[in-house]
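Thanks for coming. I will go through one chain today, element by element, so please keep the picture in view.

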Amino acid sequence: MRMKKFLALMLALCMILVLAACGGGGDTSASSAPEVSEASVDVKVAMITDYGDITDQSFNQTTYEASKAFCEENGFDFTYYKPAGNTTAERVAMIDKAVEDGYNVLVLPGYAFGGAIVETVDMYPDVKFVALDVSQETLDEANNKTAFPAHDNLYCAVYQEELPGYMAGYAAVKMGFTKLGFLGGMAVPAVQRYGYGFVQGADAAAAETGAAVTLNYVYGNQFQGDADITAAMDTWCSGGTEVIFACGGGIYTSACEALQKTGGKVIGVDTDQSAVIDGQYGEGMTVTSAMKGLATTVNSVLTAIKDGQWDSYKGQVQNLGLVSADDMSLNYVGLPEDTTVFNDSFTLDDYHALVADMVNGKITVSNDVSAAEPTAEHITVNFQGNIK
């Protein structure tokens, strides 16, 4: 009898221990499991070119280099894809390919991605789309001209190109140039904002200096140089054009080939192009560059993704421009301080004062590109349409 009582007691103790180990029937098993934060998810980044390539010395190359450097520094997988041609279908095919290959963050530079984003962003809700230079208007246009809603897996950044365009035009005239040129790639909004800003800046500087300034204005209707565009630039340069704002991917080659023959100068675009242009065409060819913060944007957004702070960006279309009159590094647009060829009539202090006036509202720059061509009050603008 004592043995039976002992065994019964032992059995009861065992049951109590088992229940305790199970947490009272397992009700808390889900809550006790470790949470998986967004930051712990494996990040794989793919950059897809629009219709250029990663050697364009401009938009695609800057985005590629910034994405690649960030991923290498943080140990993330990175690759890039180049569409077979310049169509939405071919860009969609590369998005499909990147997702199929396991990439969950897509960096898409260029307005041309509007249609591809509209077609694919709902298909891949677990993939983060980071689109540069893709505006709400671009998305709406691609969405059968109806409002395209915000998506939690999409962030778009657009830039106030008219501001660095203005800075470049103002600087050129203040530096002493009176015969200017603007060679745009294609007449798309970003290029137009650069160009119309350039005209406004040159006009303002001419009003201050009293200089008689002429400005030739044309689009190549493509984003690379060729013999036809070089021939047009030769005509400008033989007619006295001193400096050309080459605004559109690799189209700078045609401007530089013509300017090199006459000792002229060039203004770069999107990023500081002085190293590549001077390397190809001679030291001092580039007097400045009208830049926008592509690398800054890439680093900011990818850092947020890495740190689990995508909520700070998701569903937004941000219009990036000037942030500070004191700390130039915080601004998303500007001129390069280290390589701009400042002189006595346009110094580094003059540049800082110009930025301060723009930040503080003393100078306003229109972003309206609805007019068929740019106009000015104090300079002569020779608008020549498309070369091709």
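Let me begin with helix H14, which has 12 residues and spans 17 Å from its first C-alpha to its last, close to the 16 Å expected at 1.5 Å a residue. The expected span is 1.5 Å times one less than the number of residues in the helix. Helices (H or I, at least four residues) and strands (E, at least two) are DSSP runs, numbered from the N terminus.

Before going on, a word on the source. This is a predicted model, in which local features need pLDDT of at least 70 and side-chain atom pairs count only at pLDDT 80 or more, while totals for chains, interfaces and linings use all residues. Residues are numbered from 1 along each chain as its sequence is written, and side-chain values use heavy atoms, with hydrogens and water left out.

Back to H14. Which of its residues are buried? They are Tyr 351, Leu 354, Val 355, Ala 356 and Met 358. Buried means under 20% relative accessible area, exposed over 50%, and partly exposed in between, with a 1.4 Å probe and protein chains only. The cover over the buried residues of H14 includes H8 and strand S12 (333-334). After H14 comes Gly 361, with a positive phi near 90°.

In the loop between S12 and H14 we find Leu 335. Leu 335 counts as buried because its relative accessibility is 5%. What does Leu 335 touch, not counting residues up to four places away in sequence? Its contacts (heavy atoms within 4.5 Å) include Pro 164, Met 167, Ala 171, Ala 290 and Tyr 351. Ala 171 is 164 residues away from Leu 335 along the chain, yet their C-alpha atoms are separated by 9.5 Å.

Now the sheets. S12 belongs to an open sheet of 7 strands with mixed pairing, in the order S12-S10-S9-S8-S6-S7-S13. S12 and strand S13 (380-386) are at the edges with a single partner strand each, so one side of each has no neighbour in the sheet. Two strands count as paired if DSSP finds at least two bridges between them. S7 and S13 run parallel and are joined by 5 bridges; Tyr 217 has Phe 383 in S13 as its bridge partner. S8 and S9 are also parallel, over 3 bridges, and there Phe 245 is partnered by Ile 267 in S9. S9 is largely enclosed by the rest of the structure, because 5 of its 6 residues are buried. Across S6, S7, S8, S9, S10 and S13 lies H9, running at about 175° to S7. For that angle, axes are lines fitted to C-alpha atoms, for helices over the stretch in contact, and angles run from 0 to 180 degrees between N-to-C directions.

Next, the interior. A nonpolar core here is a set of buried Ala, Val, Leu, Ile, Met, Phe, Trp, Tyr and Cys residues joined through side-chain atoms within 4.5 Å. The largest one has 47 residues, and Leu 180, Phe 182, Leu 215 and Phe 245 touch the most other members. Among the elements giving two or more residues to this core are helix H8 (162-174), strand S6 (179-184), helix H9 (189-209) and helix H14 (348-359). Which element gives the largest share? H9 does, with 9 residues. Apart from this core lies another, of 27 residues, among them Phe 70, Phe 76, Ala 157 and Tyr 332.

There is a second open sheet to look at, of 6 strands in the order S2-S1-S3-S4-S5-S11 with parallel pairing. Its edge strands are S2 (77-81) and S11 (317-320), each pairing on one side only. Neighbouring strands of this sheet are turned by 15° against each other on average, direction ignored. Helix H4 (residues 59-74) packs on this sheet, touching S1, S2, S3 and S4, and its direction makes about 165° with that of S2. Within the sheet, S4 (residues 128-132) and S5 (residues 154-159) pair in parallel over 4 bridges, with Leu 132 opposite Ala 157 in S5.

H4 also holds Gln 61, which counts as buried because its relative accessibility is 13%. Leaving aside neighbours within four places in sequence, Gln 61 is in contact with Asp 53, Ile 54, Thr 55 and Asp 56.

Last, the cysteines. How many disulfides are there, taking a disulfide as a pair of cysteine sulfur atoms within 2.5 Å? The count is 0. For Cys 237, the nearest cysteine sulfur is that of Cys 256, 9.7 Å away.

Terms used: A disulfide is a pair of cysteine sulfur atoms within 2.5 Å.
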